Amino acid sequence: MLVTLNELLQDAKKENYAIPATNVDNEHNVRAAIQAAENKHSPLILNVTPVANPDLVLFGSICRRLIEKANVPIVLNLDHGKTFEQCMLGIRAGFTNVMIDRSWLPYEENVKEVKEMVKMCHTLGITVEAELGHVGIGENYQHDGNTAFTRVDEAIEFIKETKVDALAVAIGTAHGVYQGTPHIHFDLLHDLSNALPIPLVLHGGSGTGDENLKRCAREGINKINLSNDLKRAAINNLIAKDLSGNEVYNLYPLLAEGFQKKIEYFIDLFGCANRV
Ligand SMILES: [Zn+2]
């Protein structure tokens, strides 16, 4: 069943666990992610990025159709809506949460654009996630891994001003593949979690390490974005198959199998199993 981010994250915040937000880009991995959540009796968030799915209306409608048939609650999240147009297409496509990323802009402009999006989305019954501080990319991690953290005082003000539903915070993770070892600033996470009234989101979950992610899920993060770790698991599942026989092989089910198993693993790791 299709739900908004608020409907899931309020419980996660109260009970101290995190929900995996899995990047999907085709029908097979959408089905695999939903199956993982159903097997684990877990809520789920499907992340769709405009970069991987330029036709948001088409792919959004496929996701919606599959989510509506699921027996666990699932959010259809537009991940990193970087332009006004992308966010509008996401709304039209029926996404139940919009992540509006204006984290590279100066604070005042970030507030202004997020506030406008919140006003529109809330009118339509859609929830909104924004980002404050900036989660960079892994390739630059060694170079700028310690800059652009989320500030507690700014975050308090940002939430009051924008009325956003969830906040992506920069506490030491990065998108993509890390160059260097990820260092998570748990003290900052504790300060943010204690000071802020809304659920917090971790971007760049892949490559961050199981112990770090498990602690984040217990200590204040309620949504963890995962992309590359799932793709790697899917490809490894394919590589591990014995292809020496004279058979017909189905590529996508093999990839989806690895994808699904890894999501089930993260559901357990984040304390999200049996939360439905
Ligand atoms: Zn992200």
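These legends walk through close-up views of a predicted model.

**View 1. Three histidines hold the zinc ion.**
Start with the metal: the protein donors of the zinc ion are NE2 of His 80, NE2 of His 175 and ND1 of His 203, lying 2.0 Å from it. Along the sequence, the donor residues follow the spacing H-x94-H-x27-H. His 175 sits in the loop between β7 (166-169) and α8 (186-195), while His 203 sits in the loop between β8 (200-202) and α9 (210-218), so this pair ties together parts that are 28 residues apart in sequence.

**View 2. The record and the model meet at one spot.**
An unreviewed UniProt entry places the feature "binding site" at His 80, His 175 and His 203. These residues span 124 residues in sequence, yet no two of their C-alpha atoms are more than 11.8 Å apart, so they gather at one spot. From this set, His 80, His 175 and His 203 are taken in by the lining of the largest pocket.

Is His 80 buried or exposed? His 80 is buried, because its relative accessible area is 14% and the cut-off for buried is under 20%. Not counting residues up to four places away in sequence, His 80 touches Pro 50, Gln 86, Met 99, Asp 101, Glu 131, His 175 and His 203.

**View 3. His 175 and His 203, side by side in the legend.**
His 175 lies in the loop between β7 and α8. With a relative accessible area of 23%, His 175 is partly exposed, whereas His 203 is buried, with a relative accessible area of 1%. Leaving aside neighbours within four places in sequence, His 175 is in contact with several residues, among them His 80, His 203 and Gly 204. The contacts of His 175 also include Val 135, Gly 136, Ile 137 and Gly 138.

**View 4. A salt bridge between Arg 102 and Glu 113.**
Now we leave the zinc ion and turn to charged side chains. How many salt bridges does a search of the whole structure find? The search finds eleven. One of them joins Arg 102 and Glu 113, with the closest N and O atoms 2.5 Å apart. Arg 102 lies in the loop between β5 (97-100) and α5 (107-123), and Glu 113 lies in helix α5, so the pair ties together parts that are eleven residues apart in sequence. Arg 102 counts as buried at 4% relative accessibility, while Glu 113 is partly exposed at 29%.

**View 5. A salt bridge between two helices.**
The side chains of Glu 161 and Lys 115 meet in a salt bridge, at 3.9 Å from N to O. Glu 161 belongs to helix α7 (residues 152-162) and Lys 115 to helix α5, so the pair ties together parts that are 46 residues apart in sequence. Glu 161 is partly exposed at 32% relative accessibility, and Lys 115 is partly exposed with a relative accessible area of 41%.

Arg 151 forms a salt bridge with Glu 154, and their closest N and O atoms are 3.6 Å apart. Arg 151 counts as partly exposed at 45% relative accessibility, and Glu 154 counts as partly exposed at 23%. Through salt bridges that share partners, Arg 151, Asp 153 and Glu 154 are joined into one network.

Technical notes:
Residues are numbered from 1 along each chain as its sequence is written. This is a predicted model: local features need pLDDT of at least 70, side-chain atom pairs count only at pLDDT 80 or more; totals for chains, interfaces and linings use all residues. Side-chain values use heavy atoms; hydrogens and water are left out. Donors are N, O and S atoms within 2.8 Å of the metal (3.2 Å for Na, K and Ca); water is not among the atoms, so sites may look incomplete. Helices (H or I, at least four residues) and strands (E, at least two) are DSSP runs, numbered from the N terminus. Buried means under 20% relative accessible area, exposed over 50%, partly exposed in between (1.4 Å probe, protein chains only). UniProt positions are given in the numbering used here, feature names are shortened, and annotations may be inferred rather than shown by experiment. On a 1 Å grid over the protein atoms alone, a cavity is a set of points where a 1.4 Å probe fits but cannot get out, and a pocket is an open set with protein on both sides within 12 Å along at least five of seven lines; lining residues have an atom within 4 Å of a point. Contact means heavy atoms within 4.5 Å. A salt bridge is a side-chain nitrogen of Lys or Arg within 4 Å of a carboxyl oxygen of Asp or Glu.
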